[in-house]
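Subject: Structure handover

Hi,

Here is the structure I promised to pass on. Have a look at it first, and my notes on what turned up follow below.

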Amino acid sequence: MTTQAALNPAERSISAPEIGVKRFLITGGAGFLGINLVRSLLARGHKVITLDIADFTYPERGQITEIKGDIRDKSVVDRAMTGVDLVIHTAAALPLYTPEDIYTTDIDGSRNVLQSAYAHKVERCIHISSTAVYGIPDHHPLFETDKMQGVGPYGEAKVLVEEICQSYRDKGMCIPIIRPKSFVGPERLGVFALFYDWAKDGKNFPVLGSGNNRYQLLDVEDLCDAIYLAATLPCEKVNDVFNIGAKEFTTLKEDYQAVLDYAGHSRKIVSIPAAPAIWTLRALEKVNLSPLYRWVYETVTEDSFVSIEKAERVLGYRPKYSNKQALIRNYQWYIDHLKDFEGQSGVSHRVPWKQGALAVAKWFF
């Protein structure tokens, strides 16, 4: 059983420069990362504007300026950008969206954000990219200088947006690029809700392959700290690309087993043969009966971790949470808020994803 002491973050401090009160625009501000950024920035005394196609339904609504709209709409982006000092660009269509929505939102929408920030002479624009830009790699750890080869529409779009960022850097803009590992924490649902649902109901949980591969995650609080460092340190230091992830992680089986132990049903992570499972998931994905997409199930059997040395050295990044701590913290939030999202489903991180055929498989574990 995991002890309470094991859940507490390590005593590490991150000191960011004092920059006075700033007006931050968060695109995708109603999403999982968005709300955590909102809380982080409000706690530091800043003004926050959010721009999102979804409603901002959190208790902090009265403390921010909410603009509802699509980043593909240039006029709404320009309206949101008025009077803004810094932009944190998190808005994106995730892998379960249609390819058209991914390309138009992630590429065209990001170009709108960058062009508007440039026209409004915004101090800097922090772009939240993804380690999906590395595709399915053949070595680890991954460094910021490694080749970008995104898999699928989402990975391809993330690569192209980084190229657009560079074109605006060439015009003189300060654009730190953050490449986070998959991150969890308060408000995170999506594919992780599937695992937490099985843990809650006392089920064993299957993993493809042995589960002995190292799979790095990231706590959203640590990600918010890294973003704030990129927003506040001198531009000449941060106008670059940074991998962000947990510093402490073990194997996928061990880290996920910590959640089952915490749930208290004496269940186990169960290894299943990877090849037939992957073929099955490919078939289910084609007929929209699986919530898992290719980049998830074809990388989950392999090592997946990045070097965070550059972020530690340049930004002073000091992650507080290990994989185990981040997963358990997210699971406890899930349990505490079950009634809030009962009956909801969708394709974003703020709601559980439909389990599809995996709901049937659950009965066998």
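Let's start with a helix pair: α4 passes α5 in a right-handed crossing. Before going on, please keep in mind that this is a predicted model. Helix α4 covers residues 99-119 and helix α5 covers residues 152-169, and their axes come within 9 Å and cross at roughly 15 degrees. With angles under 35 degrees counted as roughly parallel, α4 and α5 are therefore roughly parallel to each other. On the α4 side, the residues that meet α5 include Ile102, Tyr103, Asp106, Arg111 and Leu114; on the α5 side, the residues that meet α4 include Tyr154, Glu156, Leu160, Ile164 and Tyr168. Sorted by class, this contact of α4 with α5 has 14 nonpolar, two polar and three charged residues.

Next pair: α6 (residues 190-200) packs against α9 (residues 252-263) at an angle of about 40 degrees, with the axes 9 Å apart. That makes α6 and α9 oblique to each other, and their crossing is right-handed. Phe192, Phe195, Tyr196 and Ala199 are what α6 brings, and they meet Tyr256, Val259, Leu260 and Ala263 in α9. The contact of α6 with α9 divides into eight nonpolar, no polar and no charged residues.

From α2, Phe32, Leu33, Asn36, Leu37, Ser40 and Leu41 take part, meeting Val220, Leu223, Cys224, Ile227 and Tyr228 in α7. By class, the contact of α2 with α7 comes to nine nonpolar, two polar and no charged residues.

Which members of the largest nonpolar core touch the most other members? They are Leu33, Ile178, Ile227 and Ile244, out of 45 residues. Elements giving two or more residues to this core are β1 (23-27), α2, β4 (86-89), β5 (124-128), α7, β10 (241-244) and α12 (309-315). With nine residues, α7 gives the most to this core. Leaving out residues up to four places away in sequence, Ile227 touches Leu33, Leu37, Ile88, Ile126, Ile128 and Ile178. There is also a second, separate core of 32 residues, with Ile49, Val87, Val113 and Tyr154 among them.

One residue I'd click on is Lys181, in the loop between β6 (177-180) and β7 (183-184). Is Lys181 buried or exposed? Its relative accessible area is 3%, and the cut-off for buried is under 20%, so Lys181 counts as buried. Not counting residues up to four places away in sequence, Lys181 touches Thr131, Gln216, Leu217, Leu218, Ile244, Gly245, Ser304, Phe305 and Val306. Lys181 and Gly245 are 64 residues apart in sequence, yet their C-alpha atoms are 5.4 Å apart in space.

And for the overall picture: the protein chain has 14 helices and eleven strands, and 56% of its 365 residues count as buried. Among contacts between residues at least 6 apart in sequence, 77% join residues at least 24 apart.

Cheers

Definitions and conventions. Residues are numbered from 1 along each chain as its sequence is written. This is a predicted model: local features need pLDDT of at least 70, side-chain atom pairs count only at pLDDT 80 or more; totals for chains, interfaces and linings use all residues. Side-chain values use heavy atoms; hydrogens and water are left out. Contact means heavy atoms within 4.5 Å. Helices (H or I, at least four residues) and strands (E, at least two) are DSSP runs, numbered from the N terminus. Ala, Val, Leu, Ile, Met, Phe, Trp, Tyr, Cys and Pro count as nonpolar, Asp, Glu, Lys and Arg as charged, and the others, Gly among them, as polar. Axes are lines fitted to C-alpha atoms, for helices over the stretch in contact, and angles run from 0 to 180 degrees between N-to-C directions. Angles under 35 degrees count as roughly parallel, over 145 as roughly antiparallel, 65 to 115 as roughly perpendicular and the rest as oblique. A crossing is left-handed if the near helix is turned anticlockwise from the far one by less than a right angle, and right-handed if clockwise. A nonpolar core is a set of buried Ala, Val, Leu, Ile, Met, Phe, Trp, Tyr and Cys residues joined through side-chain atoms within 4.5 Å. Buried means under 20% relative accessible area, exposed over 50%, partly exposed in between (1.4 Å probe, protein chains only).
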